[in-house]
Amino acid sequence: MQNSNINSRFKDAPWYNECTKEKILVIGAGGISSNAMYCLAKTIPTTYFVMDFDVCEDINVGCQLFNKQQIGKKKVTALKETLDNFTTATIRTLDQRYKNEYTPIMISGLDNMEARKQVYEEWKKHEDREIYIEARLRASLYEVYVVMKGREEEYEKTLFSDEEVDSGPCTFKQTAYFGMLVGARITHVLVNYLTNKYSRND
């Protein structure tokens, strides 16, 4: 492989060699997922399927992982373009709305409750499910929910209707640094999970 030293600083991590076999589905490529993908792809160099049907707009550049030249491009296309220059991870793009796609490890960065429920319910159907990570983000607040197989009950208490959500001022919904904070936290959670998973296999 060219540039074989790119990941050399953490190649002796207990999860590193095995994690390259994972396939991870990331739903959304906006404020949460674009920043999370930067952290994830630079830390866990595996295969990611990133799904979003949206187009990059000027309002996205200030707080998401996009630049001015990418305005008008599909978000998944622009994100892959950026990440391919930063990482050795494999990025597969899915330019579509979520239907019933599944991998045992799923990450949701969606901005409405109905879509979150749909993704979660699909993940929950599968016997081989492992971990579901869902993040919620405001300008200066984030939450990360981690669901493990057999421990779904607590998470389900956090699901409610979109009508119950206070949307907040439309010009202060997100900041880049909180986008990176939530992306780093998602990555931290997944690294901990993979460390435990592959340590048990030693």
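Let me start with one residue. Setting aside neighbours within four places in sequence, Glu 122 is in contact with Tyr 98, Asn 100, Glu 101 and Tyr 102. Contact here means heavy atoms within 4.5 Å.

Before going on, the ground rules. This is a predicted model, in which local features need pLDDT of at least 70 and side-chain atom pairs count only at pLDDT 80 or more, while totals for chains, interfaces and linings use all residues. Residues are numbered from 1 along each chain as its sequence is written, and side-chain values use heavy atoms, with hydrogens and water left out.

Back to Glu 122, which sits in helix H5. Helices and strands are DSSP runs numbered from the N terminus: helices are H or I with at least four residues, strands are E with at least two. Is Glu 122 buried or exposed? Glu 122 is buried, at a relative accessible area of 9%. The cut-offs are these: buried is under 20% relative accessible area, exposed is over 50%, and partly exposed is in between, with a 1.4 Å probe and protein chains only. The side chain of Glu 122 also makes a polar contact of 3.1 Å with the side chain of Lys 125. A polar contact is a pair of N or O atoms within 3.5 Å; within protein, one must be able to donate a hydrogen and the other to accept it, and residues adjacent in sequence count only if both atoms are side-chain atoms.

Now the whole chain. The chain has 7 helices and 6 strands. Read from the N terminus, the order is α-β-α-β-α-α-β-β-α-β-β-α-α. The radius of gyration is 17 Å, close to the 17 Å that the globule rule gives for 202 residues, so the chain is as compact as a globular protein of that length. That radius is taken over C-alpha atoms, and the rule is 2.2 Å times the number of residues to the power 0.38. The C-alpha trace spans about 50 × 45 × 30 Å along its principal axes.

Of the 202 residues, 47% count as buried. Among contacts with a separation of 6 or more, 67% are between residues 24 or more positions apart.

How many of its residues are buried? The count is 8 of 11, so H2 is mostly covered by the definition of buried. Those residues are Ser 33, Ser 34, Asn 35, Ala 36, Met 37, Cys 39, Leu 40 and Ala 41. Their cover includes strand S1 (23–27), strand S2 (47–51), H4, S3, S4 and helix H7 (176–200).

Ala 41 comes up again with Thr 87. Thr 87 lies in the loop between helix H4 (75–83) and strand S3 (90–94). Not counting residues up to four places away in sequence, Thr 87 touches Ala 41 and Lys 42. At 12% relative accessibility, Thr 87 counts as buried. Its side chain reaches the backbone nitrogen of Ala 89 at 3.2 Å.

Another loop residue is Asn 112, between strand S4 (105–108) and helix H5 (113–125). Asn 112 is partly exposed, with a relative accessible area of 28%. A polar atom of its side chain lies 3.4 Å from the backbone nitrogen of Glu 114. Asn 112 and Asp 128 are 16 residues apart along the chain, and their C-alpha atoms are separated by 26 Å.

Next, Glu 156 in helix H6, residues 153–156. Glu 156 is partly exposed, with a relative accessible area of 28%. Which residues does it contact, leaving aside neighbours within four places in sequence? They are Tyr 120 and Lys 124.

Last, Tyr 16 in helix H1, residues 16–19. Tyr 16 is buried, with a relative accessible area of 13%. Beyond its neighbours within four places in sequence, Tyr 16 is in contact with Asn 7, Phe 10, Lys 11 and Pro 45. Tyr 16 and Asn 196 are 180 residues apart in sequence and 12 Å apart in space, C-alpha to C-alpha. Asn 192 and Lys 74, by contrast, are 118 residues apart along the chain, with their C-alpha atoms separated by 32 Å. Asn 192 is in helix H7, and at 38% relative accessibility Asn 192 counts as partly exposed.
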